[in-house]
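Please read the following report with the sequence and the model open side by side. The text moves from helix packing to the chain contact and then to local backbone features.

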Amino acid sequence: MDRNQLIKWLKTPAKMSHKYSLHAVYFCTGCGIIEVPPSITARWDAERFGVVPAATPRQANLFLITGYVSVKTLKAIIRTYEQMPSPKYSVGFGSCPINGGMYWDSYNTIKHLDKYIPIDGWIAGCMPRPEAIFVAVTHLWTLIDKDMADGYKRYEKHYSAFRANQEQVLGPLPWPPLFSSRETE
Amino acid sequence: MELLNMHPLIVIVLTPIAALLAGLFFMGVTRKFTARIHWRYGPPITQPLIDIMRMFSQRPVSHGTMFHGGVILSLAGALAVLLFIPFGNIPPLSGSGGLLVILYLLLVAPLGLALSSGEGANPNASIGISRKLMLSLGYEVPLLLILLTLMTRYGTLSIYDIVHAQQETQWALVTVPLFISGIAYILILPAVLGIRPFEVVQAAQEISSGPLVEYSGPYLGLVHLEHGLTLVINIALFVNLFMGGAQNILLFFVKMIIILLAGLSINAVFPRLRTDQAVSWLWRWPALLALTGLITVMIWR
(Lines give C-alpha, C1' and ligand atoms only; values in the text may rest on other atoms or scores of the structure.)
Protein backbone atom coordinates (compact mmCIF):
# COMPACT_ATOMS: atom_id res chain seq x y z
CA MET A 1 0.00 0.00 0.00
CA ASP A 2 0.94 3.62 -0.14
CA ARG A 3 2.60 3.65 3.23
CA ASN A 4 5.37 1.25 2.41
CA GLN A 5 7.19 3.49 0.00
CA LEU A 6 10.18 4.21 2.16
CA ILE A 7 12.40 5.70 -0.53
CA LYS A 8 9.81 8.31 -1.37
CA TRP A 9 9.58 9.21 2.30
CA LEU A 10 13.29 9.66 2.66
CA LYS A 11 13.52 11.90 -0.38
CA THR A 12 10.71 14.27 0.60
CA PRO A 13 9.78 13.73 4.25
CA ALA A 14 7.84 16.99 4.41
CA LYS A 15 5.49 15.82 1.67
CA MET A 16 4.95 12.49 3.39
CA SER A 17 4.11 14.25 6.63
CA HIS A 18 1.63 16.57 4.89
CA LYS A 19 -0.11 13.51 3.48
CA TYR A 20 -0.36 11.37 6.57
CA SER A 21 -1.17 14.03 9.12
CA LEU A 22 -4.27 15.84 7.89
CA HIS A 23 -5.88 17.59 10.80
CA ALA A 24 -9.33 18.75 9.75
CA VAL A 25 -10.92 21.94 11.04
CA TYR A 26 -14.07 20.96 12.84
CA PHE A 27 -16.08 23.58 10.96
CA CYS A 28 -19.69 22.50 10.91
CA THR A 29 -21.40 23.96 7.86
CA GLY A 30 -24.77 22.83 6.68
CA CYS A 31 -26.03 19.30 6.42
CA GLY A 32 -22.80 17.52 5.67
CA ILE A 33 -21.50 17.72 9.20
CA ILE A 34 -23.81 14.85 10.14
CA GLU A 35 -21.52 12.53 8.19
CA VAL A 36 -18.32 13.60 9.95
CA PRO A 37 -18.87 12.31 13.52
CA PRO A 38 -19.58 8.74 12.32
CA SER A 39 -16.38 8.80 10.30
CA ILE A 40 -14.21 9.88 13.22
CA THR A 41 -15.68 7.47 15.78
CA ALA A 42 -15.18 3.78 16.26
CA ARG A 43 -17.13 2.33 13.35
CA TRP A 44 -15.42 4.08 10.43
CA ASP A 45 -12.19 5.14 12.05
CA ALA A 46 -10.62 8.15 10.35
CA GLU A 47 -7.69 8.26 12.75
CA ARG A 48 -6.14 5.31 10.87
CA PHE A 49 -5.60 7.71 7.97
CA GLY A 50 -4.08 10.35 10.21
CA VAL A 51 -7.23 12.47 9.93
CA VAL A 52 -8.11 13.94 13.30
CA PRO A 53 -10.37 16.88 14.14
CA ALA A 54 -8.41 19.94 15.17
CA ALA A 55 -9.69 22.34 17.80
CA THR A 56 -8.85 25.59 15.99
CA PRO A 57 -8.05 26.57 12.39
CA ARG A 58 -4.53 27.50 13.44
CA GLN A 59 -3.80 23.87 14.26
CA ALA A 60 -5.37 22.41 11.12
CA ASN A 61 -4.34 21.83 7.53
CA LEU A 62 -7.48 20.32 5.99
CA PHE A 63 -10.66 22.29 5.51
CA LEU A 64 -13.82 20.33 4.76
CA ILE A 65 -16.63 22.55 3.57
CA THR A 66 -19.48 20.19 4.28
CA GLY A 67 -22.69 21.35 2.72
CA TYR A 68 -24.37 24.46 1.43
CA VAL A 69 -22.66 27.82 1.88
CA SER A 70 -24.91 30.74 2.66
CA VAL A 71 -23.59 34.27 2.29
CA LYS A 72 -23.15 34.62 6.06
CA THR A 73 -21.22 31.36 6.21
CA LEU A 74 -18.99 32.48 3.34
CA LYS A 75 -17.62 35.28 5.50
CA ALA A 76 -16.77 32.81 8.27
CA ILE A 77 -15.25 30.36 5.79
CA ILE A 78 -12.97 33.03 4.32
CA ARG A 79 -11.78 34.12 7.77
CA THR A 80 -11.19 30.51 8.84
CA TYR A 81 -9.33 29.64 5.65
CA GLU A 82 -7.06 32.64 5.97
CA GLN A 83 -6.17 31.72 9.56
CA MET A 84 -4.89 28.27 8.64
CA PRO A 85 -1.13 27.97 8.17
CA SER A 86 -0.02 26.95 4.70
CA PRO A 87 0.34 24.39 3.15
CA LYS A 88 -3.38 23.77 3.54
CA TYR A 89 -5.89 21.75 1.56
CA SER A 90 -9.59 22.40 1.17
CA VAL A 91 -12.16 19.89 0.02
CA GLY A 92 -15.73 20.60 -1.02
CA PHE A 93 -18.02 18.02 0.47
CA GLY A 94 -21.41 17.31 -1.01
CA SER A 95 -23.00 18.68 -4.14
CA CYS A 96 -23.85 22.13 -2.80
CA PRO A 97 -20.34 23.63 -3.00
CA ILE A 98 -19.89 22.11 -6.48
CA ASN A 99 -22.81 23.70 -8.30
CA GLY A 100 -25.38 24.83 -5.78
CA GLY A 101 -26.85 21.34 -5.34
CA MET A 102 -30.33 21.34 -3.91
CA TYR A 103 -30.27 25.13 -3.44
CA TRP A 104 -29.39 25.94 -7.03
CA ASP A 105 -32.04 28.63 -7.33
CA SER A 106 -31.75 30.20 -3.90
CA TYR A 107 -30.97 33.90 -3.49
CA ASN A 108 -28.83 33.33 -0.43
CA THR A 109 -26.45 30.50 -1.25
CA ILE A 110 -23.15 30.38 -3.10
CA LYS A 111 -23.31 28.25 -6.22
CA HIS A 112 -19.64 27.82 -7.14
CA LEU A 113 -17.39 27.94 -4.11
CA ASP A 114 -14.26 27.74 -6.21
CA LYS A 115 -14.60 31.40 -7.10
CA TYR A 116 -14.14 32.53 -3.50
CA ILE A 117 -11.84 29.93 -1.90
CA PRO A 118 -9.44 27.64 -3.77
CA ILE A 119 -10.71 24.06 -3.62
CA ASP A 120 -8.41 21.10 -4.19
CA GLY A 121 -11.05 18.42 -4.65
CA TRP A 122 -14.74 17.73 -4.51
CA ILE A 123 -16.70 14.85 -3.03
CA ALA A 124 -19.99 14.34 -4.83
CA GLY A 125 -23.05 13.11 -3.02
CA CYS A 126 -25.91 14.39 -0.95
CA MET A 127 -24.55 13.38 1.59
CA PRO A 128 -21.49 11.28 0.78
CA ARG A 129 -21.03 8.22 2.98
CA PRO A 130 -18.03 7.99 5.34
CA GLU A 131 -16.39 5.59 2.93
CA ALA A 132 -16.50 8.38 0.34
CA ILE A 133 -14.58 10.60 2.76
CA PHE A 134 -11.84 7.99 2.97
CA VAL A 135 -11.68 7.57 -0.81
CA ALA A 136 -11.35 11.35 -1.02
CA VAL A 137 -8.50 11.31 1.50
CA THR A 138 -6.60 8.73 -0.54
CA HIS A 139 -7.19 10.77 -3.71
CA LEU A 140 -5.87 13.84 -1.87
CA TRP A 141 -2.75 11.84 -1.01
CA THR A 142 -2.19 11.13 -4.69
CA LEU A 143 -2.68 14.81 -5.53
CA ILE A 144 -0.21 15.88 -2.85
CA ASP A 145 2.31 13.38 -4.21
CA LYS A 146 2.02 14.84 -7.68
CA ASP A 147 2.17 18.45 -6.37
CA MET A 148 -1.26 19.10 -7.81
CA ALA A 149 -2.90 20.09 -4.50
CA ASP A 150 -1.76 23.68 -4.70
CA GLY A 151 -4.87 25.59 -3.65
CA TYR A 152 -2.93 27.68 -1.17
CA LYS A 153 -0.45 28.73 -3.86
CA ARG A 154 -3.28 29.67 -6.21
CA TYR A 155 -4.82 31.78 -3.45
CA GLU A 156 -1.64 33.73 -2.97
CA LYS A 157 -0.99 34.12 -6.68
CA HIS A 158 -4.48 35.24 -7.69
CA TYR A 159 -5.47 36.90 -4.44
CA SER A 160 -6.82 40.06 -6.06
CA ALA A 161 -9.20 38.04 -8.25
CA PHE A 162 -10.43 36.01 -5.28
CA ARG A 163 -10.90 39.13 -3.22
CA ALA A 164 -12.83 40.85 -6.01
CA ASN A 165 -15.21 37.88 -6.15
CA GLN A 166 -15.58 37.91 -2.38
CA GLU A 167 -16.33 41.62 -2.30
CA GLN A 168 -18.87 41.24 -5.06
CA VAL A 169 -20.96 39.02 -2.80
CA LEU A 170 -20.15 40.34 0.67
CA GLY A 171 -19.65 44.02 -0.01
CA PRO A 172 -16.48 45.81 1.15
CA LEU A 173 -14.62 43.44 3.48
CA PRO A 174 -13.75 44.78 6.94
CA TRP A 175 -10.29 43.14 6.99
CA PRO A 176 -7.26 44.31 5.03
CA PRO A 177 -5.98 42.29 2.06
CA LEU A 178 -4.01 39.26 3.12
CA PHE A 179 -1.27 39.37 0.49
CA SER A 180 -0.92 43.04 -0.26
CA SER A 181 2.73 43.93 -0.53
CA ARG A 182 4.55 40.56 -0.61
CA GLU A 183 4.95 40.40 3.17
CA THR A 184 4.37 37.27 5.29
CA GLU A 185 0.93 36.46 6.62
CA MET B 1 26.96 -2.38 35.01
CA GLU B 2 26.74 0.17 37.76
CA LEU B 3 27.56 3.39 35.93
CA LEU B 4 27.93 3.96 32.23
CA ASN B 5 31.46 5.23 31.74
CA MET B 6 30.48 8.17 29.61
CA HIS B 7 31.74 11.67 29.74
CA PRO B 8 29.13 13.87 31.51
CA LEU B 9 28.84 16.15 28.49
CA ILE B 10 27.81 13.22 26.31
CA VAL B 11 25.15 12.29 28.87
CA ILE B 12 23.86 15.87 28.93
CA VAL B 13 23.53 15.90 25.13
CA LEU B 14 22.12 12.40 24.68
CA THR B 15 19.56 12.37 27.49
CA PRO B 16 17.30 15.10 26.07
CA ILE B 17 17.35 13.53 22.60
CA ALA B 18 16.51 10.11 23.99
CA ALA B 19 13.78 11.59 26.18
CA LEU B 20 12.23 13.46 23.23
CA LEU B 21 12.08 10.24 21.23
CA ALA B 22 10.67 8.40 24.23
CA GLY B 23 8.06 11.14 24.61
CA LEU B 24 6.99 10.71 20.99
CA PHE B 25 6.83 6.96 21.51
CA PHE B 26 4.66 7.42 24.61
CA MET B 27 2.29 9.70 22.71
CA GLY B 28 2.03 7.13 19.93
CA VAL B 29 1.33 4.37 22.44
CA THR B 30 -1.33 6.64 23.96
CA ARG B 31 -3.22 7.00 20.69
CA LYS B 32 -2.92 3.37 19.71
CA PHE B 33 -3.91 2.01 23.12
CA THR B 34 -6.86 4.40 23.44
CA ALA B 35 -8.01 3.41 19.96
CA ARG B 36 -7.85 -0.26 20.84
CA ILE B 37 -9.93 0.33 23.95
CA HIS B 38 -12.51 1.98 21.69
CA TRP B 39 -12.60 -1.18 19.48
CA ARG B 40 -11.03 0.59 16.52
CA TYR B 41 -7.57 0.43 14.98
CA GLY B 42 -6.10 3.84 15.47
CA PRO B 43 -3.07 5.46 13.88
CA PRO B 44 0.38 3.82 13.69
CA ILE B 45 2.70 4.34 16.63
CA THR B 46 4.86 6.71 14.57
CA GLN B 47 1.92 9.07 14.05
CA PRO B 48 3.10 11.77 16.52
CA LEU B 49 6.41 11.88 14.67
CA ILE B 50 4.58 12.45 11.39
CA ASP B 51 2.43 15.13 13.04
CA ILE B 52 5.46 16.96 14.34
CA MET B 53 7.24 16.75 11.00
CA ARG B 54 4.19 18.26 9.37
CA MET B 55 3.96 21.01 11.93
CA PHE B 56 7.59 21.98 11.49
CA SER B 57 7.19 22.27 7.72
CA GLN B 58 4.33 24.76 7.86
CA ARG B 59 4.61 28.49 7.60
CA PRO B 60 3.82 29.85 11.04
CA VAL B 61 1.87 32.85 12.21
CA SER B 62 3.68 34.64 14.97
CA HIS B 63 2.34 37.02 17.58
CA GLY B 64 5.53 38.74 18.71
CA THR B 65 8.79 38.12 20.49
CA MET B 66 7.31 36.86 23.75
CA PHE B 67 5.33 34.33 21.73
CA HIS B 68 8.55 32.77 20.39
CA GLY B 69 10.34 33.21 23.68
CA GLY B 70 7.68 31.62 25.86
CA VAL B 71 7.54 28.42 23.84
CA ILE B 72 11.31 28.07 23.87
CA LEU B 73 11.36 28.80 27.60
CA SER B 74 8.80 26.08 28.17
CA LEU B 75 10.76 23.47 26.24
CA ALA B 76 14.01 24.55 27.86
CA GLY B 77 12.48 24.25 31.32
CA ALA B 78 11.26 20.74 30.55
CA LEU B 79 14.70 19.73 29.26
CA ALA B 80 16.35 21.21 32.35
CA VAL B 81 14.22 19.11 34.71
CA LEU B 82 15.14 16.06 32.66
CA LEU B 83 18.80 16.37 33.50
CA PHE B 84 18.13 16.08 37.23
CA ILE B 85 16.14 12.83 37.11
CA PRO B 86 18.05 9.53 37.10
CA PHE B 87 17.09 7.19 34.25
CA GLY B 88 18.13 3.68 35.19
CA ASN B 89 21.83 3.80 35.81
CA ILE B 90 22.47 7.07 34.03
CA PRO B 91 23.46 9.53 36.76
CA PRO B 92 21.73 12.86 37.02
CA LEU B 93 23.40 16.22 36.92
CA SER B 94 23.89 17.02 40.59
CA GLY B 95 24.18 14.93 43.70
CA SER B 96 22.50 16.71 46.59
CA GLY B 97 19.39 18.85 46.79
CA GLY B 98 17.93 17.15 43.74
CA LEU B 99 14.31 17.00 44.85
CA LEU B 100 14.01 20.70 45.66
CA VAL B 101 15.58 21.70 42.35
CA ILE B 102 13.19 19.42 40.47
CA LEU B 103 10.25 20.87 42.35
CA TYR B 104 11.19 24.42 41.34
CA LEU B 105 12.12 23.60 37.77
CA LEU B 106 8.83 21.77 37.18
CA LEU B 107 7.15 25.17 37.29
CA VAL B 108 9.15 26.67 34.41
CA ALA B 109 7.40 24.75 31.63
CA PRO B 110 3.83 25.85 32.45
CA LEU B 111 5.15 29.36 33.07
CA GLY B 112 6.62 29.54 29.57
CA LEU B 113 3.39 28.29 28.10
CA ALA B 114 1.42 30.89 30.06
CA LEU B 115 3.69 33.73 28.91
CA SER B 116 3.51 32.87 25.25
CA SER B 117 -0.17 31.99 25.04
CA GLY B 118 -1.04 35.20 26.86
CA GLU B 119 0.75 37.05 24.07
CA GLY B 120 -1.68 35.50 21.62
CA ALA B 121 -4.44 37.72 23.03
CA ASN B 122 -7.13 35.09 22.76
CA PRO B 123 -9.59 34.84 25.68
CA ASN B 124 -9.68 31.06 25.35
CA ALA B 125 -5.97 31.00 26.11
CA SER B 126 -6.44 33.01 29.31
CA ILE B 127 -9.20 30.69 30.46
CA GLY B 128 -7.02 27.69 29.72
CA ILE B 129 -4.05 29.10 31.61
CA SER B 130 -6.14 29.99 34.63
CA ARG B 131 -7.51 26.43 34.64
CA LYS B 132 -4.02 25.02 34.37
CA LEU B 133 -2.74 27.07 37.29
CA MET B 134 -5.75 26.18 39.42
CA LEU B 135 -5.27 22.51 38.66
CA SER B 136 -1.60 22.69 39.58
CA LEU B 137 -2.62 24.43 42.81
CA GLY B 138 -4.85 21.41 43.37
CA TYR B 139 -2.24 18.73 42.93
CA GLU B 140 0.74 20.63 44.38
CA VAL B 141 -0.62 20.35 47.94
CA PRO B 142 -0.69 16.51 48.10
CA LEU B 143 2.48 16.34 46.00
CA LEU B 144 4.44 18.49 48.42
CA LEU B 145 3.20 16.44 51.37
CA ILE B 146 4.26 13.24 49.62
CA LEU B 147 7.72 14.58 48.81
CA LEU B 148 8.12 15.79 52.39
CA THR B 149 7.21 12.29 53.59
CA LEU B 150 9.83 10.72 51.36
CA MET B 151 12.49 13.22 52.39
CA THR B 152 11.75 12.56 56.07
CA ARG B 153 11.72 8.80 55.71
CA TYR B 154 14.97 8.48 53.79
CA GLY B 155 16.60 11.46 55.48
CA THR B 156 17.93 12.97 52.27
CA LEU B 157 17.10 15.62 49.66
CA SER B 158 18.79 13.79 46.84
CA ILE B 159 16.65 11.70 44.53
CA TYR B 160 19.68 9.60 43.66
CA ASP B 161 20.05 8.54 47.32
CA ILE B 162 16.35 7.67 47.51
CA VAL B 163 16.68 5.46 44.44
CA HIS B 164 19.73 3.71 45.88
CA ALA B 165 18.04 3.17 49.25
CA GLN B 166 15.13 1.48 47.51
CA GLN B 167 17.38 -0.67 45.40
CA GLU B 168 19.05 -1.96 48.55
CA THR B 169 15.84 -2.71 50.44
CA GLN B 170 12.56 -2.76 48.47
CA TRP B 171 10.19 -0.51 46.54
CA ALA B 172 8.81 2.37 48.60
CA LEU B 173 5.37 1.47 47.29
CA VAL B 174 5.29 -1.71 49.39
CA THR B 175 7.04 -0.43 52.54
CA VAL B 176 4.73 -0.11 55.49
CA PRO B 177 4.56 3.59 56.32
CA LEU B 178 5.18 4.76 52.75
CA PHE B 179 2.48 2.85 50.91
CA ILE B 180 -0.07 5.42 52.13
CA SER B 181 1.87 8.14 50.34
CA GLY B 182 2.24 5.81 47.37
CA ILE B 183 -1.51 5.43 47.05
CA ALA B 184 -1.90 9.21 47.35
CA TYR B 185 0.62 9.69 44.54
CA ILE B 186 -1.19 7.17 42.34
CA LEU B 187 -4.40 9.14 42.96
CA ILE B 188 -2.86 12.44 41.86
CA LEU B 189 -0.88 10.97 38.95
CA PRO B 190 -3.63 11.65 36.32
CA ALA B 191 -3.69 15.29 37.45
CA VAL B 192 0.07 15.63 37.16
CA LEU B 193 0.09 14.02 33.70
CA GLY B 194 -2.90 16.01 32.47
CA ILE B 195 -5.05 13.05 31.47
CA ARG B 196 -8.71 12.38 32.18
CA PRO B 197 -10.41 12.78 34.65
CA PHE B 198 -8.18 15.84 35.12
CA GLU B 199 -7.82 16.87 31.48
CA VAL B 200 -9.46 20.22 32.21
CA VAL B 201 -6.54 22.22 30.83
CA GLN B 202 -6.71 21.12 27.23
CA ALA B 203 -10.43 20.69 26.87
CA ALA B 204 -10.63 20.70 23.11
CA GLN B 205 -14.38 20.98 22.89
CA GLU B 206 -14.93 23.55 25.59
CA ILE B 207 -12.25 26.19 25.21
CA SER B 208 -10.73 25.32 21.82
CA SER B 209 -7.78 23.55 23.42
CA GLY B 210 -7.11 26.27 25.95
CA PRO B 211 -3.54 27.54 25.92
CA LEU B 212 -2.81 25.95 22.54
CA VAL B 213 -5.42 27.96 20.70
CA GLU B 214 -3.12 30.35 18.84
CA TYR B 215 -0.22 28.00 18.11
CA SER B 216 0.37 27.09 14.49
CA GLY B 217 3.11 25.29 12.62
CA PRO B 218 6.46 25.05 14.41
CA TYR B 219 5.14 26.49 17.67
CA LEU B 220 2.56 23.72 17.87
CA GLY B 221 5.28 21.20 17.09
CA LEU B 222 7.38 22.46 19.99
CA VAL B 223 4.40 22.35 22.34
CA HIS B 224 3.64 18.77 21.31
CA LEU B 225 7.24 17.80 21.96
CA GLU B 226 7.01 19.44 25.36
CA HIS B 227 3.83 17.52 26.11
CA GLY B 228 5.58 14.23 25.38
CA LEU B 229 8.50 15.32 27.52
CA THR B 230 6.17 16.16 30.41
CA LEU B 231 4.77 12.63 30.24
CA VAL B 232 8.27 11.16 30.40
CA ILE B 233 9.39 13.41 33.26
CA ASN B 234 6.41 12.86 35.52
CA ILE B 235 6.26 9.11 35.01
CA ALA B 236 10.01 8.85 35.54
CA LEU B 237 9.68 10.84 38.77
CA PHE B 238 7.06 8.43 40.08
CA VAL B 239 9.07 5.36 39.09
CA ASN B 240 12.17 6.77 40.78
CA LEU B 241 10.44 7.81 43.98
CA PHE B 242 8.17 4.84 44.58
CA MET B 243 9.21 1.98 42.35
CA GLY B 244 12.91 2.05 43.07
CA GLY B 245 14.26 3.28 39.73
CA ALA B 246 15.96 0.40 37.97
CA GLN B 247 19.40 -1.06 37.51
CA ASN B 248 19.45 -0.49 33.79
CA ILE B 249 17.57 1.75 31.44
CA LEU B 250 15.56 -0.99 29.74
CA LEU B 251 13.95 -2.12 32.97
CA PHE B 252 13.25 1.53 33.79
CA PHE B 253 11.54 1.91 30.42
CA VAL B 254 9.41 -1.18 31.07
CA LYS B 255 8.29 0.23 34.42
CA MET B 256 7.40 3.54 32.78
CA ILE B 257 5.34 1.78 30.11
CA ILE B 258 3.42 -0.13 32.78
CA ILE B 259 2.53 3.09 34.61
CA LEU B 260 1.59 4.76 31.30
CA LEU B 261 -0.74 1.94 30.30
CA ALA B 262 -2.39 1.99 33.73
CA GLY B 263 -2.98 5.73 33.41
CA LEU B 264 -4.30 5.33 29.85
CA SER B 265 -6.79 2.70 30.93
CA ILE B 266 -8.29 5.28 33.26
CA ASN B 267 -8.01 8.05 30.67
CA ALA B 268 -10.00 6.17 28.07
CA VAL B 269 -13.11 5.60 30.15
CA PHE B 270 -13.45 8.67 32.34
CA PRO B 271 -15.06 12.00 31.47
CA ARG B 272 -13.57 15.33 32.38
CA LEU B 273 -14.09 16.84 35.83
CA ARG B 274 -14.75 20.57 36.16
CA THR B 275 -11.97 22.66 37.65
CA ASP B 276 -13.73 23.20 40.98
CA GLN B 277 -14.64 19.50 41.22
CA ALA B 278 -11.05 18.54 40.43
CA VAL B 279 -9.49 20.90 42.96
CA SER B 280 -11.93 20.02 45.72
CA TRP B 281 -11.33 16.29 45.16
CA LEU B 282 -7.56 16.72 45.04
CA TRP B 283 -7.57 18.68 48.27
CA ARG B 284 -9.73 16.11 50.00
CA TRP B 285 -8.79 12.45 49.60
CA PRO B 286 -5.24 12.47 48.21
CA ALA B 287 -4.28 15.33 50.53
CA LEU B 288 -5.73 13.51 53.54
CA LEU B 289 -3.90 10.34 52.61
CA ALA B 290 -0.65 12.23 52.08
CA LEU B 291 -1.06 14.01 55.42
CA THR B 292 -1.74 10.67 57.15
CA GLY B 293 1.38 9.26 55.54
CA LEU B 294 3.46 12.21 56.70
CA ILE B 295 2.22 12.02 60.29
CA THR B 296 2.77 8.25 60.35
CA VAL B 297 6.33 8.62 59.11
CA MET B 298 7.11 11.33 61.64
CA ILE B 299 5.75 9.30 64.53
CA TRP B 300 7.37 6.07 63.33
CA ARG B 301 10.91 7.40 63.49
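In this predicted model, the axes of helix H4 (residues 71-83) of chain A and helix H8 (residues 159-170) of chain A come within 10 Å and cross at roughly 145°; axes here are lines fitted to C-alpha atoms, for helices over the stretch in contact, and angles run from 0 to 180 degrees between N-to-C directions. Helices (H or I, at least four residues) and strands (E, at least two) are DSSP runs, numbered from the N terminus. The crossing of H4(A) and H8(A) is left-handed, a term used if the near helix is turned anticlockwise from the far one by less than a right angle, with right-handed used if clockwise. On the H4(A) side, A:Val71, A:Leu74, A:Lys75 and A:Ile78 meet A:Gln166, A:Val169 and A:Leu170 of H8(A), where contact requires that the C-beta atoms of two residues, placed from the backbone, lie within 7 Å. This contact of H4(A) with H8(A) divides into five nonpolar, one polar and one charged residues; Ala, Val, Leu, Ile, Met, Phe, Trp, Tyr, Cys and Pro count as nonpolar, Asp, Glu, Lys and Arg as charged, and the others, Gly among them, as polar.

Residues are numbered from 1 along each chain as its sequence is written, while chains are lettered from A and ligands numbered from 1 in the order in which they are written. As the model is a prediction, local features need pLDDT of at least 70 and side-chain atom pairs count only at pLDDT 80 or more, whereas totals for chains, interfaces and linings use all residues.

Chain B has 13 helices and zero strands. Its C-alpha trace spans about 55 × 45 × 40 Å along the principal axes, and its radius of gyration of 19 Å agrees with the value near 19 Å for a compact globule of 301 residues; the radius is taken over C-alpha atoms, and the globule rule is 2.2 Å times the number of residues to the power 0.38.

Within chain B, helix H10 (residues 218-242) and helix H11 (residues 249-267) pack with their axes 10 Å apart and at an angle of about 110°, and are therefore roughly perpendicular to each other, the class for angles of 65 to 115 degrees. H10(B) passes H11(B) in a right-handed crossing. B:Ile235, B:Ala236, B:Phe238 and B:Val239 of H10(B) make this contact with B:Phe252, B:Lys255, B:Met256, B:Ile259 and B:Leu260 of H11(B), and by class the contact has eight nonpolar, no polar and one charged residues.

Between the chains, the contact takes 20 residues from chain A and 27 residues from chain B. Helix H2 (residues 47-56) of chain B gives the largest share of the chain B side, five residues, and that side comprises 13 nonpolar, nine polar and five charged residues.

| Peptide bond | Omega | Loop holding the second residue |
|---|---|---|
| A:Cys126 to A:Met127 | near -5° | between strand S5 (121-123) and helix H6 (130-145) of chain A |
| B:Arg196 to B:Pro197 | near 0° | between helix H8 (179-193) and helix H9 (204-207) of chain B |

A:Asp147, a residue other than glycine, has a positive phi near 60°, and lies in the loop between H6 and helix H7 (151-157) of chain A.

As to confidence, the model scores ipTM 0.88 and pTM 0.89. Chain B has a mean pLDDT of 87, with 94% of its residues at 70 or more; pLDDT is the predictor's confidence in each residue, from 0 to 100.

Conventions: Parallel < 35°, antiparallel > 145°, perpendicular 65-115°, else oblique.
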